[in-house]
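Please read them beside the sequence and the coordinates.

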Amino acid sequence: MDFISILSIFVLACFVGYYVVWSVTPALHTPLMAVTNAISSVIIVGALVAAAAKGSFEATWLGLIGVVLASVNIFGGFAVTARMLAMYKKKER
Amino acid sequence: MILGAPPLNPPAPLAVVEHVAALPAWVLLAYLASGVLFILALRGLSSPATSQRGNRQGMAGMGIAVVTTLLTQAPIPPGALLPEPTSQDLRVLFQILAAIALGGTIGIVTARRIAMTAMPQLVAAFHSLVGLAAVLVGWAAYLNPEAFGILAADGTIDPVSRVEMGLGIAIGAITFSGSVIAFLKLAGKMSGAPIMLPGRHVINLGTLAAILGLTAWFTQDEALWVIATLTALAFLIGFLLIIPIGGADMPVVVSMLNSYSGWAAAAMGFTLHNTAMIITGALVGSSGAILSYIMCRAMNRSFISVIAGGFGAEAGAIADGTKTDRPWKRGSAEDAAFLLEQAESVIIVPGYGMAVAQAQHVLREMGDQLKKQGVSVKYAIHPVAGRMPGHMNVLLAEANVPYDEVFELEDINSEFSQADIAFIIGANDVVNPAAKTDKSSPIYGMPVFDVGNAKTVMFIKRSMGGVGYAGVDNDVFYMDQTMMLLGDAKKMVEEIVKSLGH
């Protein structure tokens, strides 16, 4: 994948994001923020690469700290989103 | 494995991507699948009915991304026949799993314990972690470029990757320090009042220019001081950007930082050539940007004026000059209960003051009682009713208010003219007609509820002295059909509920 392919994916994903986010109901904007928070922690991929690689002691530890921080977010973000979404109930008829 | 012999072929002009080519196709497909699952996770939020499935799809996407990375990066190569991991390999794997377990435990415990009113500061804290993680990953890539596959043929870091790395670190650092300030302001650990430095616009623009200049310099010179200075300046600007922004504008700030955390992840995705990270970054970046836009529109503020800061400060000064002695009517809980029972339709307008008073549960009880007596009860939510986008909806959902009784501003505003009672609790600015009529008002142009169209307005307020967040007087207090219910919101509604029984 060259830079242009990656840029293409990025630009198209921005458009997907734009339309998908506008379709989110305003009532769920707080869970939206919590879940985007959780998924932006996919940055853990970079932290895992650094933590697993040999060759730099400092990079390994920076990576490990990154893994901890991103994990807080991933587990915390998805858990708090699930907790919020479980509260949304329909009227009993 | 991405570690290996130096590239045999001369690098492509724009990027060095040998390691990506070396990754098996299933890995690329797995990252793509995880990106698609993230899109579905957001798509699920289009309705509460599909939202929980969406959240599970998001978790699955994350699981795929993490497991794929572990399988391809972990010291035990999956392709090897009978891998014989060394003790050091096992130690690395153990360290990683321990790090995930530690972070996961902290995350889950926090998520379980947090009060729903504290959601904005939790989200701000989470943003700061994403930002810091981006900075750490950027630095790790700088210190160990070989592991990230961003070495050019001459053994230096590929220039394109340096730009991506520099931007990723800068955005991450801004997200981190900005979110820390936002967290402190939202959690009340720091005054919500704007802190105005003299000449702050010059300082901020200068620092931003310096960061961009250093990023450009970094492509020519990969010395440690360049990236270190860049990081330090980015931490500083994040701090400087948020301290002048007042508490009322925090919903915009939290949304904006949400957006930044996405762009930071995207920048790192460019460095790693990772589709899951790029797709996610774009989704989160757009999401935060759209939420900032929605919040700005709901307050009729331009994004630039929010960023420039200083809102709460000027408004305070205006409030002092507008004290009036106009006549108003006070009602008791019994009067209110009597009128509510006689009504056919009631629209409740809750504001953040309701949540501060913890009145949402007893308010829902009142709604239930009224519904039992055949009164139609609806809730009207202004986009800025809480401390972050959609916050009030969560608070009402927590109090077991069914979500199909809760309506957004534009969906319900026309119904006030048919409503018997508009019941305002803990809100003020969002029902202030000055936003429509008074051009000099700081909230002029903000969309507001037309509560004056209702036959009767009940306004729960602690006292006549205080004014809303924006610090302006409210004509609704003095209307003929308005009954002021003065007192603590929770106690007042409790008394109304008691009187409803009789």
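1. B:His273 counts as buried in this predicted model, its relative accessibility being 7%. The residue sits in the loop between helix 10 (250–272) and helix 11 (275–299) of chain B, and its phi is positive, at about 55°, although B:His273 is not a glycine. Most residues other than glycine have a negative phi, so the backbone here deserves a look.

2. B:Asn300 lies in the loop between helix 11 and helix 12 (303–308) of chain B, and with a relative accessible area of 42% it is partly exposed, whereas B:His273 is buried.

3. The closest N and O atoms of B:Asp249 and B:Arg301 are 2.4 Å apart.

4. Another salt bridge brings together the side chains of B:Lys371 and B:Glu405, at 2.6 Å from N to O. B:Lys371 belongs to helix 16 (residues 360–372) of chain B and B:Glu405 to the loop between helix 17 and strand 3 (406–408), so this pair links parts 34 residues apart in sequence.

5. B:Glu415 is placed in the loop between helix 18 (409–412) and strand 4 (421–425) of chain B and B:Lys378 in strand 2, so the parts tied together are 37 residues apart in sequence. Both side chains belong to partly exposed residues, with relative accessible areas of 24% for B:Glu415 and 23% for B:Lys378. Salt bridges with shared partners also join B:Arg364, B:Asp368, B:Lys371 and B:Glu405 into one network. Over all chains, the structure holds nine salt bridges.

6. B:His382 is found in the loop between strand 2 (376–381) and helix 17 (391–398) of chain B, and at 1% relative accessibility it counts as buried. Leaving aside residues up to four places away in sequence, B:His382 touches B:Ala298, B:Leu409, B:Val430, B:Met446, B:Pro447 and B:Phe449.

7. Chain B as a whole contains 20 helices and six strands. Of its 502 residues, 57% count as buried. Among the contacts in chain B with a separation of 6 or more, 78% are made by residues 24 or more positions apart.

8. What does the interface between chain A and chain B consist of? The contact takes 80 residues from chain A and 108 residues from chain B. The area buried between the two chains is about 8300 Å², with carbon and sulfur atoms giving 79% of it. A:Met1, A:Met33 and A:Ile43 supply 9% of the area that chain A buries against chain B, more than any other three residues. No salt bridges are counted between the chains, but 18 residue pairs are in polar contact across the interface, both residues being at pLDDT 80 or more.

9. On the side of chain A that touches chain B, the elements giving two or more residues are helix 1 (3–22), helix 2 (29–40), helix 3 (44–52) and helix 4 (57–87) of chain A. Helix 4 gives the most, with 27 residues. The residues on this side of chain A divide into 55 nonpolar, 18 polar and seven charged.

10. Zero disulfides are found over all chains. The sulfur of A:Cys14 has its closest cysteine sulfur in B:Cys296, 19 Å away, which is too far for a bond. Both cysteines are buried, A:Cys14 with a relative accessible area of 19% and B:Cys296 with one of 4%.

Technical notes: Residues are numbered from 1 along each chain as its sequence is written. Chains are lettered from A and ligands numbered from 1 in the order in which they are written. This is a predicted model: local features need pLDDT of at least 70, side-chain atom pairs count only at pLDDT 80 or more; totals for chains, interfaces and linings use all residues. Side-chain values use heavy atoms; hydrogens and water are left out. Contact means heavy atoms within 4.5 Å. Buried area is the accessible area (1.4 Å probe) that two parts lose on being put together, summed over both. A salt bridge is a side-chain nitrogen of Lys or Arg within 4 Å of a carboxyl oxygen of Asp or Glu. A polar contact is a pair of N or O atoms within 3.5 Å; within protein, one must be able to donate a hydrogen and the other to accept it, and residues adjacent in sequence count only if both atoms are side-chain atoms. Helices (H or I, at least four residues) and strands (E, at least two) are DSSP runs, numbered from the N terminus. Ala, Val, Leu, Ile, Met, Phe, Trp, Tyr, Cys and Pro count as nonpolar, Asp, Glu, Lys and Arg as charged, and the others, Gly among them, as polar. A disulfide is a pair of cysteine sulfur atoms within 2.5 Å. Buried means under 20% relative accessible area, exposed over 50%, partly exposed in between (1.4 Å probe, protein chains only).
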